[in-house]
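Here's a short tour to read with the viewer open. Keep the sequence handy as you go.

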Amino acid sequence: MPVLKKDSQSVKSILVSCDQCKTPFELSDYKKESVIQNHKSVSNLQSVEGINKDIEHTYFNCPSCGHTYTCYYTDEHIRTMQAKLRKVQRRQSFRLTAAKARQANELHQSIKQAMQLLRLQVETHDK
């Protein structure tokens, strides 16, 4: 993963250096695409149990050499959990309770585990 450095000029942009070509560049946006539409072996991926057809790949590329850095993968289940987490966090901002904090933490951990598993499944079947 590239080295991240905070840009002193702006809070929104991050200065990174590519691991492949070592060129520094400003990271300001991410790309999203459907994994199924752009997958090399679509028929293999669709037939694997547990791999959904609605997987989104969020990533960015080095503008110099084009190397792709995966941020994460999501499917419908993960996006639903993320929406629930945002809802819990909005409610937390009004009145923080131990139960709400625990619920948010549990959702966050579930999302993290699901994303790790999905990434492993997609990247294992991508080879």
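What follows looks at one helix, a group of aromatic rings and a histidine.

This is a predicted model, in which local features need pLDDT of at least 70 and side-chain atom pairs count only at pLDDT 80 or more, while totals for chains, interfaces and linings use all residues. Residues are numbered from 1 along each chain as its sequence is written, and side-chain values use heavy atoms, with hydrogens and water left out.

**Helix H2**

Start with H2, residues 76–94. Helices (H or I, at least four residues) and strands (E, at least two) are DSSP runs, numbered from the N terminus.

Which residues of H2 are buried? They are Ile78, Met81, Leu85, Val88 and Gln92 (buried means under 20% relative accessible area, exposed over 50%, partly exposed in between, with a 1.4 Å probe and protein chains only). Looking down the axis of H2, these buried residues fall within an arc of 80 degrees, so they line one face of the helix; the arc is that of the directions from the helix axis to the C-beta atoms. An α-helix has 3.6 residues a turn, so residues three or four places apart point the same way. The buried residues of H2 pack against strand E6 (68–74) and helix H3 (98–125). Over on the other side of H2, Glu76, Arg90, Ser93 and Phe94 are exposed.

**The aromatic rings**

Ring pairs link Phe25, Tyr30, Phe60 and Tyr69 into a cluster. Rings of Phe, Tyr and Trp (its six-membered ring) pair if their centres lie within 6.5 Å; planes under 30 degrees apart count as stacked, over 60 as edge-to-face and the rest as tilted. The structure holds three aromatic pairs, including these:

| Pair | Centre to centre | Angle between planes | Type |
|---|---|---|---|
| Phe25 and Phe60 | 6.3 Å | 55 degrees | tilted |
| Phe60 and Tyr69 | 5.2 Å | 20 degrees | stacked |

Phe25 sits in strand E3 (residues 24–27) and Phe60 in strand E5 (residues 56–61), so their pair ties together parts that are 35 residues apart in sequence. Phe25 counts as buried at 8% relative accessibility, and Phe60 is buried at 4%.

**His57**

His57 is also in strand E5, and is buried with a relative accessible area of 9%. Its side chain makes a polar contact with the side chain of Thr70 (2.8 Å). A polar contact is a pair of N or O atoms within 3.5 Å; within protein, one must be able to donate a hydrogen and the other to accept it, and residues adjacent in sequence count only if both atoms are side-chain atoms.

Methods: The expected span of a helix is 1.5 Å times one less than its number of residues. Contact means heavy atoms within 4.5 Å.
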